[in-house]
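Okay, I'll keep this short.

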Amino acid sequence: MSEDPKVIAEEQALAWFVRLRAGDASEADRARCRAWLAADPMHRAAWAELRHLWDVVEVLRPEAGRVMAGAVPARLGRRALWRPAAIAAGVTLVLGAGGLVGSRAGWLPAVLSADVSTRIGERRHLELADGSQAELDAASALALDIVPPRRRVVLLEGRGFFTVAPAAQPFIVAAGEGEVQAARCAFDIGIGPQGVAVTVATGELAVRCPAGEAMLRAGEGLTYDSARLHRMPPADPADIGAWRQGRLVFRGATLREVARTLERYHRGPILITSAAVAGLTLTAVFEADRVEAALAGIERVLPVRVRRVAGIVVLIGAA
């Protein structure tokens, strides 16, 4: 925990905010919160700032309270309530219930269903049973169904790069509302705000989803969801799967997409608080292990303001 009194006050305000919105918050909890507020003007200022944030992001919805009632705060002791990890988990649940958190909103449920998963900031290389290889990006989850001759995996969350071993049976990656079928091929596939994005590094593959079917060859890519297939401009071979070397490449990406990707490498949520800036586009290359530098760069080139709450939550709003 930070030694900065202001940051400590923000952390405590966030913890109290999470606790009082739990379904089992008691009158004793509320009394302790009032005493905490009365103890220091800095506490009151931090509380007012957090209330303002809550209004700005407009997440006061019934489902937020229901998520909170059965989640982190109900299981926190009084001392544990102040730990940064507990605060981060609580605020992720609250804001995630309002639909504002990117990757983390779906990451925990996906992990519970996965055979293999990665943590925030972690990448992992896998040798699959059929001889194919998979590389998982940070905060990703994968379910395996490889029992010869069947070769199928499900990308539940995040992003992966697959190098498919040759075999008579096609290699299938299901993701979102569709699936990819490949033979001898290497490709990148990820789940993002715009649906599922697929880009081929070598070989070719078929994409099938409710919106239709398409063939992709080396350098080609598309995004799909339940309603549409959208072909992307030809990709630079050096950009395909660049995250495996710790490079996060964005070419004409929306700020929403950039924030979601950076969030996979950041210890707390990265939230966009203004719809007016979410669709701004950005072309840049960032280092995955230098998220703070990336946020500073975004603030320099786009008309946005980056703020931090409790040293954990990053807010991106209009400048």
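So, 49% of the 319 residues in the protein chain are buried, and buried here means under 20% relative accessible area with a 1.4 Å probe, counting protein chains only. This is a predicted model, where local features need pLDDT of at least 70, side-chain atom pairs count only at pLDDT 80 or more, and totals for chains, interfaces and linings use all residues. Numbering runs from 1 along each chain as its sequence is written, and side-chain values use heavy atoms, with hydrogens and water left out.

The chain has nine helices and 17 strands; those are DSSP runs, H or I of at least four residues for helices, E of at least two for strands, numbered from the N terminus.

Now look at helix α9, residues 291–301: its buried residues are Val-291, Ala-294, Leu-295, Gly-297 and Ile-298. Down the axis of α9 they fall within an arc of 160°, so they line one face of the helix; the arc uses directions from the helix axis to the C-beta atoms. What covers them includes α7, β14, β15, β16 and β17, with contact meaning heavy atoms within 4.5 Å.

A cavity is a set of points on a 1 Å grid over the protein atoms alone where a 1.4 Å probe fits but cannot get out, and lining residues have an atom within 4 Å of a point. There are two cavities of 30 Å³ or more, volume being the space filled by probe spheres set on the points, which are joined across faces, edges and corners.

What lines the second largest cavity? Glu-10, Ala-13, Ala-46, Glu-49, Leu-50 and Val-309 do, and α3 gives the largest share, three residues.

Conventions: On a 1 Å grid over the protein atoms alone, a cavity is a set of points where a 1.4 Å probe fits but cannot get out, and a pocket is an open set with protein on both sides within 12 Å along at least five of seven lines; lining residues have an atom within 4 Å of a point. Buried means under 20% relative accessible area, exposed over 50%, partly exposed in between (1.4 Å probe, protein chains only).
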